[in-house]
Amino acid sequence: MAMIRVLVVDDNETIRTSLCAILQRHGFEVTCAGDVSEALGFISTQKFDVLLSDLHMPGPGDGLTVVSAMRHANPEAVTLLLSAFPQMSEAANAILMQADEILVKPMNVPALIEAITKRLAKGPLHRRKVESLATILERTKEDGIADWYAGVEQEEALMAVPLTREERCKHLPQLFMDLGRRLLAFVPLGTKELKSESATEHGRERRRQGYTAAMMVEESRIFQVTIFNTLQKNLGSIDFSVLLLGVMTIADEVDSQLSQAMKSYVAESAQDALPV
């Protein structure tokens, strides 16, 4: 039977050395880290069954950074935090949204071993659900539209054009669909093959509604901010290995859609300028 692999993280050398020696004597395979940076290095290159980390090292809540990294790299690992403060009040609930359990320092050896063994038997409380970026955008589409509209309402220049909410948001459902399609297509960045009739029509319609080119760019900027805020809220569900490429793809597609909209906007303007 394979040995249980434990990562111990504590910036107090005496405590760290003691914990590692105790766990090794009880049959665990132990790796020790003295700070967050060292711990993150181990997490990114090795697989662990248990994380035992100090909560404060040296800053308050530094241990949560380690827990979060372990959640992404080893979602099946049990995560235990050590704290010298038994009264965590409301903070405990927030911390337990990430860690499986908080253990109060100092712990006697039998209690520590029992806590690790029991939690291993139960498994991690917070199993990570991974979703694709396309799935997240589809699931949060209605909230995203509401957030975008709230951002637009803060811009006096955009609101100077009197439109209903439906008229302002008309293009967004298809834009979300096009983003999802682009994310699932896995085509290279800069690809211009994915044409959008919706973007072309959007440019024409904004010209007729009285938008300026600067206003077109501004509403596109607000859309990108909305999307990135959505991803930030859903980091716990994102596969970090594809996050950077996904963000670049989203930015590329939004810019491509803006470019297509601007071409039709300019063409509409040129048409209006022709003598009757």
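Arg-182 and Asp-252 form a salt bridge (a side-chain nitrogen of Lys or Arg within 4 Å of a carboxyl oxygen of Asp or Glu), and their closest N and O atoms are 2.6 Å apart. This pair links distant parts of the chain, since Arg-182 lies in helix α10 (residues 172-185) and Asp-252 in helix α13 (residues 240-273), 70 residues apart. Helices (H or I, at least four residues) and strands (E, at least two) are DSSP runs, numbered from the N terminus.

The model is predicted, so local features need pLDDT of at least 70 and side-chain atom pairs count only at pLDDT 80 or more, while totals for chains, interfaces and linings use all residues. Residues are numbered from 1 along each chain as its sequence is written, and side-chain values use heavy atoms, with hydrogens and water left out.

**Salt bridges**

Side chains of opposite charge can pair when their charged atoms come close. By the rule given above, the count comes to 14 salt bridges, and the table lists some of them.

| Pair | Closest N to O |
|---|---|
| Arg-182 and Asp-252 | 2.6 Å |
| Arg-182 and Glu-253 | 2.8 Å |

Arg-182 counts as buried because its relative accessibility is 2%, where buried means under 20% relative accessible area, exposed over 50%, and partly exposed in between (1.4 Å probe, protein chains only). Glu-253, with which Arg-182 also forms a salt bridge, is buried as well.

How far apart along helix α11 (residues 197-209) are Arg-204 and Glu-201? They are three residues apart, about one turn of the helix. Arg-204 is partly exposed, with a relative accessible area of 28%, and Glu-201 counts as partly exposed at 30% relative accessibility. Both residues belong to a network of salt bridges that also links Arg-208 and Glu-268.

Strand β4 (residues 78-83) is mostly covered, for six of its six residues are buried. In a regular strand the side chains alternate between the two faces of the sheet. In β4, Val-78, Leu-80 and Leu-82 point one way, whereas Thr-79, Leu-81 and Ser-83 point the other way.

Two strands pair if DSSP finds at least two bridges between them. Strand β3 (residues 50-54) runs parallel to β4 and is joined to it by five bridges, with Leu-80 in β4 as the bridge partner of Leu-52. β4 also pairs in the parallel sense with strand β5 (residues 101-104), over four bridges, and here the bridge partner of Leu-82 is Leu-103 in β5.
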